[in-house]
Amino acid sequence: MGDNLRLVAAQLNFWVGDIEGNAEKIIAAAARARDDLRADLIAFPELALLGYPPDDLLLRSGIPPAIEAGLERIRREAQGIHLVVGHPEYAEEGIYNAASVFRDGQLVRRYRKRLLPNYGVFDEKRHFLAGRSACVFDLKGVPVGLCICEDIWGTRPADESRDQGARLMVNINASPFALGKSNQREQVLRARAAETRLPILYVNMVGGQDDLLFDGDSSAIGPDGTVSFRAPTFEEDLYGVDFADGELRGVMSPPEAEEAVVYRGLVQSVRDYVTRNGFPGALIGLSGGIDSALVAAVAADALGPDRVWGVSLPSRYTLDMSNDDARIEAEALGIRYSILPIEPTFDALTSTLAQTFEGRAIDITEENMQSRSRGVLLMALSNKFGHVVLTTGNKSEMAVGYATLYGDMCGGFAPIKDVYKTLVFRLARYRNTISPVIPERVLTRPPSAELRPDQKDSDSLPPYEVLDPILEAYVESNASIPQIIAMGFEEATVKRVAGLVRRSEYKRRQAPPGPKVTRCAFGRERRYPITAVYGDF
């Protein structure tokens, strides 16, 4: 038990589809791990060569030869160190989610993922076949078991590796971020380590991919359940971990507040989405409210102030303090700032529709026309200058449809679409601890869409302190109406909220993508029919 090994967790950010670039990154990381960290093995995340999730990109006819070429280059060029590389394997019978172990130009072993998740955001059975065998390989005399992501959430893969003599488990992952996920992962790893009496090195990727976030959070767990290494969240790097006397040891990243982790995740998602899709910058409609203030701060931190453009779009109902606060936010962040009043656009629309609308009272139609006037102007700027529009709607609003199609929902990416309003306030206060960029009165005055005189969100919705826990129970926990009422909420309020969620599904289908933050995000994860008859279940 006196063997000494240096392992490296390659907590890196891989671009989906960039096989050549990913291969180059893998080779460079292996050289650095060998030369600078004196490592015996470097483990890369799940499907690192292609990126995760590849979805139906796996089915393109040009992918298999490109994967083979990438693997061949890695095999040939990465020398003097063991590499664990995740990739798809194309076999005659189908596709496997696989990992290859290379050393000095040789393929040492290949493993096929055995447990394929098909819940939440995962749809792996659509593309992959399940492997059937455990994988144990020799690393300087130490038998090492290898498994992929979901395999460690079941018992059989790790148990069989132990039975085949493994003294150490390496688990490579593409595990998406969600609130509470780190604790959940840790409990699973503790359980596997306790059952097998093996230390486990858990390696996860970092980055934003459309509507998913990968937080890294790579770690090591000892046979007694002790966490002996933890990498920082959302930080791309190589992390050395030593194996000696049956134990893994590495540097422990200090714990962070939930707000800090989520905020860094939002920054990561905006940076990767805007940059990888080739946008020169981002456009944000700055209303002077808290949602747009938070999105502007995230964008400035993600891209740099010089790539962010805040546009104030005031109407007759916009308060002077809102205009002032929008300007103050832009100046504090150092971003470009413009003012485009929507009155001429709104007047043109009302004039055009005046005869058709004659005899009908002013109602929500005119409110939505104001929002759509803003959408038209922002999208015109986007078309002309190439910047992507970042929408500013939060999860509370998206859930109940408190948003305007083709208005404030216009845009290419929605950074806070899975962030409840109560969390928006917490994130804004957290960002102000870094530097004060959001005026205090934005944090304290009642939220308002400012589409009619003296309007407040509470005119149309329950207070967010009430709304958000109801939504969390209904959307994330799938609690029934009676169950939520039993939690202490008024029956009429619960039924009203549930009805709004059901009726707003068609709006959410047309919303831009945004990063998953909660346990159950709208879109890829929560798939409800638009046209369906169902009651208060």
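In which sense, parallel or antiparallel, do strands β1 and β15 pair, and over how many bridges? The legends below take up this pairing and then other views of the chain, which is shown here as a predicted model.

**View 1. Strand β1 and its two partners, β15 and β2.** Strand β1, residues 4-11, pairs with strand β15, residues 237-244, in the antiparallel sense, and eight bridges connect the two. Within this pairing, leucine 5 stands opposite phenylalanine 243 of β15. With β2, residues 41-43, the sense is parallel, and three bridges are found between that strand and β1; here leucine 41 is the bridge partner of leucine 7. Strand β1 is also mostly covered, since six of its eight residues count as buried.

**View 2. The open parallel sheet of four strands.** The strands of this sheet follow the order β19-β18-β17-β20, and their pairing is parallel. Because β19 (336-339) and β20 (388-389) stand at the edges with a single partner strand each, one side of each is left without a neighbour in the sheet. Strands of a sheet pair through backbone hydrogen bonds, in a parallel or an antiparallel arrangement.

**View 3. Strand β18 between β19 and β17.** Strand β18, residues 308-312, runs parallel to β19 and is joined to that strand by four bridges, with serine 312 standing opposite isoleucine 339 of β19. Four bridges also pair β18 with β17, again in the parallel sense, and in this pairing isoleucine 284 faces glycine 310 of β18. The strand is mostly covered, as five of its five residues are buried. Val308, Gly310 and Ser312 point one way from β18, whereas Trp309 and Val311 point the other way, and the residues on both sides are buried.

View 4. The largest nonpolar core has 45 residues, of which Leu266, Val270, Ile284, Leu390, Val419 and Leu427 touch the most other members.

**View 5. Glycine 265 in helix α5.** What is the relative accessibility of glycine 265? The value is 0%, and glycine 265 therefore counts as buried. When neighbours within four places in sequence are left aside, glycine 265 is in contact with Leu213 and Phe234. Proline 117 is 148 residues away from glycine 265 in sequence, and their C-alpha atoms are 23 Å apart in space.

**View 6. Helix α13 and what covers its buried residues.** In helix α13, residues 464-476, the buried residues are Tyr464, Leu467, Asp468, Ile470, Leu471, Ala473, Tyr474, Val475 and Glu476. The cover over these buried residues includes α10 (395-400), α11, α14 (481-486) and α15 (491-503). Asparagine 478 follows α13 and has a positive phi, near 55 degrees. An α-helix has 3.6 residues a turn, so residues three or four places apart point the same way.

**View 7. The chain as a whole, with its 16 helices and 20 strands.** For 537 residues, a compact globule would have a radius of gyration near 24 Å, and the 26 Å of the chain agrees with this. Along the principal axes, the C-alpha atoms fill a box of roughly 85 × 50 × 45 Å. Of the 537 residues, 57% count as buried, and the chain exposes about 21,900 Å², of which carbon and sulfur atoms supply 51%. Among contacts in the chain with a separation of 6 or more, 72% are between residues 24 or more positions apart.

Notes. Residues numbered from 1 in each chain as written. Predicted model: local features only at pLDDT ≥ 70, side-chain atom pairs only at ≥ 80, totals over all residues. Heavy atoms only, no water. Pairing = 2+ DSSP bridges. Rg over C-alpha atoms; globule rule 2.2 N^0.38 Å. Buried < 20%, exposed > 50% of the residue type's maximum accessible area, 1.4 Å probe, protein only. Contact = heavy atoms within 4.5 Å. Areas by Shrake-Rupley, 256 points an atom, 1.4 Å probe, with all protein chains shown as cover. Core = buried A, V, L, I, M, F, W, Y, C linked by side-chain atoms within 4.5 Å.
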